[in-house]
Amino acid sequence: MAKLLGESSDSDSEAKKEEAKKKKEESPWKPEIEFGYQSRKGNDDNQSLNARVALSYIKGKMRNSGEVKIYREDDDGEEEEREQSYELQSDYKLGSKTYLYGSFKGIDSKYSSYYRDYTVSTGFGLQVSNTETFKLEVELGPGYRIQQPNTDEIDDDDPIFPEDVAESIIRGNLTSSWKPFKTLSFEMQATLVAGQSNTRLDTEISALNNITDDIALKLSHNRQHISKVPNDLKNTDSTFNINLLFRF
């Protein structure tokens, strides 16, 4: 019996050492690539392809992340619409649950309502929960927004006013993830940008089902709500994506 207990203790000790070694050797770089099908509903109804590339670096008190999203729609083999969005954020941990953040989001498009749409913000963040099962973070801070409408492309069904915007804004952001099972997780993000010209709320809810350790099926639903729209158009547009997600 003593021998069995000794062997069990040794096995547990080796497993703990192996786990500690794995965590120590884990790379601070976390790249992701995803692509798939996209369906848009609201003021503009269409189907298209989309792709996303993301990279994060976490080490010490610093956390840096960035991503690029590309949306493209073709009509009879010719490019009908193309849009690229960019997001960059750096966080610096101040305490056990608080951090300072700086963020940038930009949208460039030659075929949609805005030719350029840039937002920068800095402020404070709070990690309400940070466990393996559930994570919740909130951010709040001031910033600045620049928008240049693409007046050559604006149609009657585009929820955009044809004036340049350069104004101070308040940005709020909420991010959460819940992993009830080893192969299934849910993510949610809501970002509010409020300025004198308009208030915009973007939300994204995603479900991820791991196929392997590095590949997952991702279903996501995005909603964009704008407080002021011209010509009695809809305030809300939505997007549904079915993508394959690759982690490296």
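## Exercises on a predicted chain

Of the 248 residues in the protein chain, 34% count as buried. The model is predicted.

**Exercise 1.** Work out how many helices and strands the chain has, and in what order they run.

*Solution.* Start with the count. The protein chain holds 1 helix and 12 strands. Next, read from the N terminus. The order is α-β-β-β-β-β-β-β-β-β-β-β-β.

**Exercise 2.** Find what share of the contacts with a separation of 6 or more joins residues 24 or more positions apart.

*Solution.* Take the contacts in the protein chain with a separation of 6 or more. Residues 24 or more positions apart account for 50% of them.

**Exercise 3.** State the accessible surface of the chain and the part that belongs to carbon and sulfur atoms.

*Solution.* The accessible surface comes to about 15,500 Å². Carbon and sulfur atoms hold 56% of that surface.

**Exercise 4.** Locate the nonpolar surface patch and name the elements that give two or more residues to it.

*Solution.* First, list the members. Tyr37, Ile211, Leu217, Leu219, Phe240, Ile242 and Leu244 make a patch of about 550 Å². Second, assign elements. Strand S11 (215-226) and strand S12 (236-247) each give two or more residues. Third, find the top contributor. S12 gives the most, with 3 residues.

Key
Residues are numbered from 1 along each chain as its sequence is written. This is a predicted model: local features need pLDDT of at least 70, side-chain atom pairs count only at pLDDT 80 or more; totals for chains, interfaces and linings use all residues. Side-chain values use heavy atoms; hydrogens and water are left out. Patches are made of residues with over 30% relative accessible area and no salt bridge: like charges are joined within 9 Å, nonpolar side chains (Val, Leu, Ile, Met, Phe, Trp, Tyr) within 5 Å. Accessible areas come from the Shrake-Rupley method with a 1.4 Å probe; for residues, only the protein chains shown count as cover. A salt bridge is a side-chain nitrogen of Lys or Arg within 4 Å of a carboxyl oxygen of Asp or Glu. Helices (H or I, at least four residues) and strands (E, at least two) are DSSP runs, numbered from the N terminus. Buried means under 20% relative accessible area, exposed over 50%, partly exposed in between (1.4 Å probe, protein chains only). Contact means heavy atoms within 4.5 Å.
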